[in-house]
Each structure stands twice: as structure tokens, then as C-alpha cells.
Amino acid sequence: MAELTYRDAVARGIAQEMERDSDVVFLGEDIGKAGGVFKATVGLYDRFGPLRVRDTPISEQAILGAAMGAAMTGLKPIAEIMFSDFIAVCFDYLANQYSKSRYMTNGQVKCPLVVRTANGGGARFGAQHSQSVENWCMMIPGLKVVAPSTPLDVIGLLAASVRDPDPVIFLEHKSLYATKGEVPDGEILDHLGTAKIVRAGTDATILALALMVPRAIAAAEKLKAEYGVNCEVIDVRSLVPMDTQTMLGSVARTHRLFTVEENPRLCGWGAELVSIIADEAFYDLDGPPVRITTPHIPLPSTDILEDRAMPSVDRIVETVRKSLGS
Amino acid sequence: MATKQSRAEVTLADDISEELHLRIYRMQVELRESEQRAYDLFLQNLVKGTSHLSLGQEAVATGFAAAMEPGDLTFCTYRGHAHTLARGVPMERVLGELMGRDNGLLRGKGGSMHLTSVEHGVMGSYAIVGAHIPIACGAAWRAQYKGDKDVSVCFFGDGTTNIGAFHEGLNFAAIWKLPVVFVCENNLYMEYTPIGDVTAVKDPAAGRASAYGLESIIIDGQDADVVYRTAKTAYDKARSGGGPSLIECLTYRYSGHSRADPAKYRPEGELDFWRGKRDPIRIYRERLLQAGISESTLLEIEDVVRQRVEEATAICKAAPPPPAEILTTDVYADGGWAWRN
């Protein structure tokens, strides 16, 4: 057991998989000699060499396209897109190529690859380097979408993503890179499509993803301490496939549902979840499901405004408290 | 511009055997006849949706495919029927796909623009212009990394040279010295617009080669022997670690861009010129006759091909549509489409 940062967990997860399988290769901008702009891939170039850890030009289409060509002919590439906002310039591969090749070739073309990218706000980078793009990815049939919140989950879910036979978009949260967590020694392997109850509770279910998970936990502690409200917090972890059974089970016990989403409001993952709960657990609910999201705006740069935009611990506490009438 | 222009000679030579000459002839006739049949089936409303024919461009597909080794990989665009057939994919599987039948290559799930046959090395027909250029680079990267000897061959039109992925992919292939051959079929039109009207250089592919440290190569795309020799040279270079090649083939499509296009934008006489003077099958037929191959041999080949087209058409007409249950298969690797538990 060792304490590891989220950023070091990325390098450890990649190294674990590259060590295990020589078909795993890694490409992206500044990932090799420089160790990544977030220093999340330090040491991999020295350990695995320039043929397996390949620095690329600033060519996001070439990065994602090459990853696909390698994947469909036998390798298991991990491609890095430095900031998730840049997915917009190579979205063709997500929207049209990775996601559709298996279906439209009647199962002939396989695309086992992982696209890692730094997602999310809180770093004061402004509207083009701070977005939460999970909803861009999850709306496309054929992709899998994962977003870990702890160092342990980074390793376990990254390993599961690399070993998965489908294309996986792996969203690391850039404001979590410096956070720490306990990680056991030895190989770590988790499962896609599994949510995790990270705080048990009885009065309401709070669903959260990535950076919103520690905020939801902190809010739940505050709600308990200050208002006697005992919330269950679920780390969604995997948007596709989605572990809706864990969420339905929780709502059946708590009878209230809150989502905490960093993405701008329209078509956020919570909207899909709320619709599932409304369809399948309507009579379990004692009150309306409530979505706590970033407003439908681009993210501003300065800290005062950015902090106001993203769901905060205080906003979660206030929203839950008022909704429950506590 | 300090680029070297290489224009191959048009001659009959010993490097292509008689057997290969006849195979090349037969394939060109096969592509012509099957594309013509695809068009006829449109008119009968048995092929729906859209389709992009390669009538007039048969020598490019044939020459590059004939020079490939088994295991070499073809990546093509939505104008991919000819490239798919040229790798030996049975005609009824291609026509069946165009007709949306269960015997189609993709059981009707892909259609005309996505013909794929991995077992024949046809790694896909890509309908987003330029997308497959980086993809072919990735396949070539795998060959380089694993020490495999196959070459990835990527076909595209002149219009592709103006999209970003082309430039990203060319640079990528060049810096990594990948075993990939890029083939531009310059048929003079970017969809409905003359390519020269929208391109900064005269030769849309060859004129860009120097930007990526590549030799500028333009060849007669209507002469299958020239195409074959050029292909062989490029494949040998790729296989021996010499890196990528970019080859611009001057060719012409007889039909419009797609089914919806009557191609009225072409100047009068242009189509007649290409059909009359530059038709790849006519050029090849005359050469074979001059080289002493008998008229009856060629007629027999033509008859056999036409017979094949009739057989393939009959098979497809008799084939059932795909069963409804494949609607939701193969979205994910588990064979299904489930995104939640």
C-alpha cells in the first residue's frame, strides 16, 4: 500500500498495461520525453522506449486516426488528447469512425483502443481548456466512456479500458491530478460499467462524477453534521456502460435523487439518469429529482467566476437542504 | 519548385508476364462491367441510397491491387467498389451490399460507401473525406512496430488533398517513415467543382509532396501497366523501410460524382475525349492485340466476365433481405448494443 497522486496513478496504470502486453502502445503530444504537460506520463518513455511511447506533432486527427489503424490491425493503442476540448478538432474519429466501424462492417472491424484526455474545469484555463465533454462522448453509440475520481480508480479503470475490446474514452480530471489516495501494491484491475457507493446514506442519493465526487462527499458530510441529513453518494465512474442498477437500488432506499454534474446543463449525463429513474423508479421517489449542474454557459477564466459556475460544496449543500426541506 | 517530376514510360516490357497482362485486362473489364451493372440496378431501383462509381478509373484500382502481396492492406473512400473488387472480393458480395441484401459484404449494414472485407485485406471504405489517411498510417505503424512486411495502401480523390487530415497524415507518415503508399486518383473534379478552381497548386497531390519531403510523382492513371510498375516500386520502397510514397494518378470518371449528379458542369467534348482516347480498357486491349494476344482470347475474357456479372446479379436478386435482429448486433464487442445494466 502506498499513497499515490492521481497523476502518478496514470503513469502507473499505463506502465502496468504496457508491461503486461507488448501490443499496448502509447502516442500523443509531449507524452514521451516531456512526460506529459500534466506530468502524468513521466518515466514511460525511458522505460518503454521511443517505438512504444511516441511523441507526435500537434495533429489530433493523425493521433486518433493512427490509433484506430493500429487498433484494427492488432495493437492496443492508448492515445492522449492533451485537453478534452481538443476532441472537437478530431471528433470525426469518435463520432464516425471508432464508434461505427464494427457495426457497419457487420462486426469485421475491431477497434480496441483508449483515448485518454484531461477533462474539466477548476484550473482557471478559460472556456477552451476547461470543458467537461463527457456528454459529447456518451451520446455516440459504440463508444464507452469512463471518468475516474481517485488514484485507485485511475489505475483499475485504465487497465480495464486497455483490456476492453471496444473504444474507450478515458476522461481524467485535470483538477484531480494533484489529489492523493491509497493504492495497494501489485496489479490493479477494475470493471467498466460499475458505479461505486462511496458514502452510504439513507435520506437521499447523490450521483456524481470525477471532480464532483469529492465535492459531493464533502457536501454529504456537511449535510450530516449541520442538518442531520444522511446522503448516499455514488461515484458514477462509467457513463457507458452505465451501472443503473446500483443507482436504482439506492433510490429505492433513499427515495430522493440528486445529480451533481460539471457539464453545462443541456443533455448532461444526469438528464439521462433522471429520465431512467422517472421511467423505472417513479413510485420510489418522494420528491422531484434535482440536477445540480454548471449553468448552460462557457466556463469563464477568472477564479471568482469559474468557482461560481461549477457546482460547489456549498451549492450542493444548499440545493439538497432546500429540496428536502431540512 | 525544386521537385523531380517522374513520368513512367508506356511500353510493353518483360517485367509483366502474359498471364499477368491478361489478369490485369480481365480485372479492368470486371470493374467496368460490374460498375455498369450497379448503375443499371440503380435505374431499376434495386440499388437504393447513393453510390459513387469508378467507371473510367479502372486502371488505377487494377494496377495497384495487382502489384500487392496477400496481406497488404487497402483503405479506400466511398468510391470504393473497384478497389474492393480488385482485391478479389466476390462480385455478388459487393452487388449484394449495394442492393442491401443478406448476402452483401456487410449484410446491408454498411452500404455502398463502406465496403469492407478484412479477409481480403480491404480494411474499409471511408465516407468522411480524408479520415482514412491517418488510419492507414496507424496500420502501417503497427507493421513497423511488429516487424510485419505488409504495406498499407490508401486511395483517395483529388478533393481529399485540401482537407486537414491529408496534411496531418502525410506529415505523420513522413516523420515516422511508415510503410504506407498514398494514391491520389485525380479525376479532375472535387465532387462538382474542377479541382483547379479550389486548389493553390496545379497538381493537387504531387504539388504538395515536397512539403513532406516526398518525391513528386504523377503518372498516367489510364495505363494499368504504368500504374502497376509505379505501385510495385512504391511497395518495394515501403517494405524495405524507405518510408511512404505519394502518387498522383491522372484519371477521369465517366459518371457524375454520385448517383444524384448528372455532371453537367463538364465542358463539352471532355467526356468524349477521355472515353475515346484515354479509356483504360481500350488502351490496354489495343496493347495486348499489338503484342500478339489474339482477339478471340480477349473476347473470351469479356464473355466470361459478363457471364459472372449475370450470375452475381441473379444471386443478389434471389438473396433475401437481412433479418431484423441484426439491427442491434455488433454495436459493441459483446455482439450487442447494451449500454446499461
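The model is predicted: local features need pLDDT of at least 70, side-chain atom pairs count only at pLDDT 80 or more, and totals for chains, interfaces and linings use all residues. Residues are numbered from 1 along each chain as its sequence is written, while chains are lettered from A and ligands numbered from 1 in the order in which they are written.

Chain A holds an open sheet of five strands, in the order β9-β11-β10-β13-β14. Its pairing is mixed. Helices (H or I, at least four residues) and strands (E, at least two) are DSSP runs, numbered from the N terminus. Two strands pair if DSSP finds at least two bridges between them. The edge strands of chain A are β9 (196-199) and β14 (290-294), each pairing on one side only. From one strand to the next, the twist averages 25°. Axes are lines fitted to C-alpha atoms, for helices over the stretch in contact, and angles run from 0 to 180 degrees between N-to-C directions.

Strands of a sheet pair through backbone hydrogen bonds, either parallel or antiparallel. β9(A) and β11(A) (residues 231-235) run antiparallel and are joined by three bridges. Here Arg199(A) has Val233(A) as its bridge partner. β10(A) and β13(A) are parallel, with four bridges. Thr205(A) is partnered by Leu257(A) in β13(A). β13(A) also pairs with β14(A) in the parallel sense, over five bridges. Thr259(A) stands opposite Arg291(A) of β14(A).

β13(A) is mostly covered, with seven of its eight residues buried. A residue is buried if 20 or more other C-beta atoms lie within 10 Å of its own, exposed if 12 or fewer, and partly exposed in between, with C-beta atoms placed from the backbone.

Helix α7(A) (residues 212-227) touches β9, β10 (204-208), β11 and β13 (257-264) of chain A, and its direction makes about 170° with that of β11(A). Contact requires C-beta atoms, placed from the backbone, within 7 Å. Helix α9(A) (residues 269-280) lies across β10, β13 and β14 of chain A, at about 155° to β13(A). β13(A), α9(A) and β14(A) form a right-handed β-α-β unit: with the strands pointing away from the viewer, the path from the first strand over the helix to the second runs clockwise.

The contact between the chains takes 40 residues from chain A and 35 residues from chain B. On the side of chain B that touches chain A, β2 (122-126), α5 (132-146) and α6 (164-176) of chain B each give two or more residues. The largest share, nine residues, comes from α5(B).

Definitions and conventions:
Contact = placed C-beta atoms within 7 Å.
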